[in-house]
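Please keep the sequence and the structure in view while reading.

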Amino acid sequence: MTSTKFDPRILKAPHPVPGAPDNWKRFFSFNTDAKVIGIQYIATSLLFLLVGGLLAMIVRGELITPPADLVDPTVYNGLYTMHGTVMLFLFLFPVLNGLNNLLIPTMIGAPDMAFPRLNAAAFWLVPVFAVLLMGSFFLPGGPAQAGWWSYPPISIQNPMGLFFNGEQLWLLAVALSGISSIFGAINFVTTIVRMRAPGMGFFKMPLYCWTAWGAQIIQLIGLPALTGGAIMLLFDLSFGTSFFRPEGGGDPVLYQHFFWFYSHPAVYVMVLPVFGIFSEVFTCYARKPLFGYKFVALASFGIVFLSLIVWVHHMFYTGTPNWMRILFMFTTMTIAVPTGVKVFAWVATLWGGKLRLTTPMLFCLGGLINFIFAGITGVMLGTVPIDIHVGNTYFVVAHFHYVIFNAIVLGVFAAVYHWFPKFTGHMYYEGLGKLHFALTFIGCTLNWLPLHWAGLLGMPRRVASYDPEFAIWNVIASIGAFMLGVAAIPFILNMVSSWARGPQSPPNPWGAIGLEWLLPSPPPAENFEDDVPTVINNPYGYGLGEPQVADEEYYIRRAQEA
Amino acid sequence: MQLNHTPGHIKHSGHNLTGFVIFLCSESIIFLAFFAGFTLFKLTSPEWLPPGVEGLEVRMPLINTVVLVSSSFVAYFAERYLHKGNLWGFRIVWFITMLMGAYFVYGQYVEWSSLEFGLGSGVFGGTFYLLTGFHGLHVITGIGLMGLMLYHSFRPGNYEKGDMGVTAVSLFWHFVDVIWIILFVLIYVWQRY
Amino acid sequence: MTTTTNNKSPNVGAIVIIAVAVALNLVLAVLMARWSYSWFPPQASSAAPYVDDLFALETGIGSFLWFGLTGVIGWTLLFNRAPKYDESYGEPIEGNNRLEITWTVIPTVIVFAIAIYSMQVNDKLDALGPKQKYALGTDPATVAAVDPRATVGPIDVIARQWSWEFIYPDGVRSSELHLPINQRVNFRLISEDVNHSFYVPAFRLKQDIIPGSVISYSLTPTREGRFRLRDAMFSGAYFSQNQTDVIVESDEAYSSWLKATAKQPLQPGLSPGSDLYAKRLANGDKGWATVPPAPAPLVNDPGDASIPHDA
Ligand code: HEA
Ligand code: HEA
Ligand code: CUA
Ligand SMILES: [Cu+2]
């Protein structure tokens, strides 16, 4: 390896090249580099977090007073439907796929994804269905208003009788999102199974890859079922069939099974990668190996398996016969066990560590305690008699925002901060990061903790107006929500200014262990290219004094010289 | 430097089949969902057949089934020819497979046009057309892919990197076949109850 | 466990701290469980006490877990922080099989215990009867099985976009649901348009109403008062208004209400959606598309939405 005057990788531009001026245009092209696609995904999805958040602000504005005074009730219904849809399909799934794109190849030492063009196609479907979904706001009848479940018969009522309607665009958008996710899933699974660095057996793989793998397997099994249900719903809506239409002998409850057969497992698609993020971040900033690595890794697949057999817990009060309720109550409760294995392992990892409270660490700690809380309310919902009372009330809304926002989104923020220096080559500002954390943590607690009580008292969800006895909880919640809106400011400021002129990042600013930290920041186009390290030890060997890969010194030096 | 750096770039082509098999497994779940829906409707609908409909004629579809199922074996022989390097043998037998597929589609068309119920005729009509239509779409896609492979076989040097494409398409064809067998049993054989 | 030597000689200090922490946590959990009873509306059905007890138990267990785990995390935040510029590592423990088994087995036992207890509570509620499909357009009354243990009913509960109608066995129709106290009542839940849900928070009971099916449902009110009945399954534009009251009264009051109401002429009952829809049309029909509300049901007792409810 003789040193050359110029870095030959420069010839491979447009790709990020250490030291070379950044080429912004590549982010707007059909680029097949996983690292470019990853950033495309993350930037797009954060934009839609803003959109979904804006819709949520209007929803919370409406709910700050009992009567429906801010918007018409039909508009309210459209807003919360689109809020849920945008947040799930345009924010959370894409942002996680973005992280997958950045992290999976670099963590396993692969040069790229297995199918780079399929990967780019999967990304470019996102703007396509985003346009469809956003466009539905401008239809004469307004966008879909039947909730993100889109339960028939309400979703197929089509009040204006027009062939093109909001519900139809919604279904098309969700179908495209499903196709995009399937493309992604095929890619991620193939990459993980076939392209790991030499020596990296499955039990030497970082946990993020384990959890992403499990999550993508869920996508492959669950999404087609939802697609099947969505096709049938579309036919009912637009082509006069009556699969779910009681007038024609159809069965509205069947749709619910299709929907939840996917959409329950989907919540683990969202949370599993965050379990991976927790594992990476806690070990790094507690300076300790992960406690019980193998158990934590295998628990991911315990969760994958169980997630496929619990969906009826969303239907305890929809006319499900008793034996089925009891059966699914038991399966639901068991999920607490593998999840507990992970939670206890993280706590044991923190125990006796040398904790460094950086921004990502703070977000993960906050996310973890919120997750435990949300899991416990989840178990409450899993017991039939409690669910019969609180189902479809704000208790459920509070439960799932506690997971989705207060744990998962916090975990996503942690990941964005933790890997920001690696993939942009710049450090972020800790002060702004900590301010972002403080506002977010206080805001999200104010927002979602009080609404549990509204739910226990019997406040239904999806209402534009409510009885005055629920007002107090809603006022506090709305204040918390507006605080979350404010929290976006330091975040955006931090991201934009750090990327533009943050200090240069060294290859491994956190002293972290993992293949991605052996690469320059930002990593070159094909990561390790032909020079992939051979993995010889377990991940997370903090304090064990064993190198993770053969010739570690060489790779560290190489990354620093780049 | 005496480094032991294994060349990291594992060639892409090796992954294609893996990816395709994963796709097929995933795809089969849509059919599974439809089959589950069909079974549930059949078992619970207060009224199943639309008024005036006695049931489905079985003889014609049975012939169709035999043609489609045997085409799977024919495709297998085509692949054998290719592995042995007999390019023309492959092309001819492969083309026969395509013809058999096309005959199946034609048979479907004839059946559809002779039926006295439509897509909107209750859940029976809906599920019938949904299942056979969705499957038919797959058959047509399969024929198209086979045509593409046939076309590629005339490209010089096409098989230098292996015959992955043909393997994948014939896998797809077997898949479409198995789905049809289940579908046939569900829709045509299980009418008596 | 803060010291590395605790395998050899028991560390008395650590054991005392742990014991005190666990005891405190237990006290906290019991307090939370007690407090949880106040988070509910009054208990107005025979089901309510069972639900609240189960919830209190789960609150107790949940609080113990949450405070316990958060406490441990808090402890590490206080005592395991790295000083600034300290780049050293924590103690490289990689795991412990005995601990892993412990924290697999104990949660398994806990969740199964909760599930078995919930199963028993569910038997006690004993509310859900059979669900029978019927062809829309035919008379649902011909298919529904009646609960033989109920002494009142079957009362037909008809939910529409967006109104409630209750039809008593002798043909009396009402917009509000009057029930005698301490008797098991049977309902037939019916919808002719979309999904709705029969939900009375003070009863702790909820059941979706599915068009195309008749669902037999039973409960026993145990407290007099005026309680809110809320549609809890999203049903379109005026869903949030689709509420009415349940009036639980003494036997005498109930029978005299039935008698008096039977003599009333049929008149349009509560239909909050219709009023709002009329207002919307008057304002130029702004907003997004909605189906028009079903006409107000014709009832003997139209009820009075202005009377405040107890819960
Ligand atoms: C996105 C992530 C996510 C996650 C991870 C979860 C996790 C869980 N959820 Fe949640 N849930 C949602 C998102 C999520 N949920 C959403 C979006 C909805 C509503 C959708 C809608 O209606 O619009 C919903 C709704 C929902 C319902 C339906 C309520 C209703 O509509 O009536 C139920 C019912 O069982 C439920 C249960 C659970 C359970 C048991 C878990 C478990 O996985 C939790 C397991 C975790 C723990 C238990 C904590 C850690 C464990 C320990 C510390 C060990 C010891 C614990 C014990 C012994 C208890 N959830
Ligand atoms: C990922 C999923 C997700 C997320 C993150 C959120 C976040 C929030 N949600 Fe919710 N929500 C859902 C998914 C989600 N939600 C779903 C699925 C439903 C059910 C819908 C249904 O019933 O059909 C629902 C329903 C729902 C309701 C119930 C409506 C009803 O039933 O009537 C409410 C009401 O309060 C609400 C509020 C909020 C609020 C205040 C936030 C806040 O946390 C939002 C805070 C965020 C911001 C204010 C934006 C900040 C932006 C940034 C930090 C990005 C920076 C940007 C750049 C760098 C460009 N949501
Ligand atoms: Cu796999 Cu290149
Ligand atoms: Cu679920």
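## Ligand 1 and its surroundings

In this predicted model, the iron atom of ligand 1 and the copper ion, which is ligand 4, are 4.6 Å apart. The protein provides a single donor to that iron atom, namely NE2 of A:H399, at a distance of 2.2 Å. A:H399 is placed in helix α12 of chain A, which spans residues 394–424, and this helix, α12(A), also gives the largest share of the shell around ligand 1, with six residues.

Ligand 1 lies between chains A and C, and both chains contribute helices to its shell: α6 (252–286), α9 (336–350), α10 (359–382) and α12 of chain A, and α2 (48–79) and α3 (97–125) of chain C, each supply at least two residues. Of the 35 residues around ligand 1, those that come nearest are A:W148, A:Y268, A:D387, A:H399 and A:R461. Sorted by class, the shell holds 23 nonpolar, ten polar and two charged residues.

| Residue | Protein atom | Atom of ligand 1 | Distance |
|---|---|---|---|
| A:D387 | N or O atom in the side chain | oxygen | 2.6 Å |
| A:H399 | polar side-chain atom | nitrogen | 3.0 Å |
| A:L381 | polar backbone atom | oxygen | 3.4 Å |

Definitions and conventions:
Residues numbered from 1 in each chain as written. Chains lettered and ligands numbered in written order. Predicted model: local features only at pLDDT ≥ 70, side-chain atom pairs only at ≥ 80, totals over all residues. Heavy atoms only, no water. Donors = N, O, S within 2.8 Å, 3.2 Å for Na, K, Ca; no water. Helix = DSSP H or I, 4+ residues; strand = E, 2+ residues; numbered from the N terminus. Near = heavy atom within 4 Å. Polar contact = N/O pair within 3.5 Å; in protein donor to acceptor, adjacent residues only side chain to side chain. Nonpolar A, V, L, I, M, F, W, Y, C, P; charged D, E, K, R; others polar.
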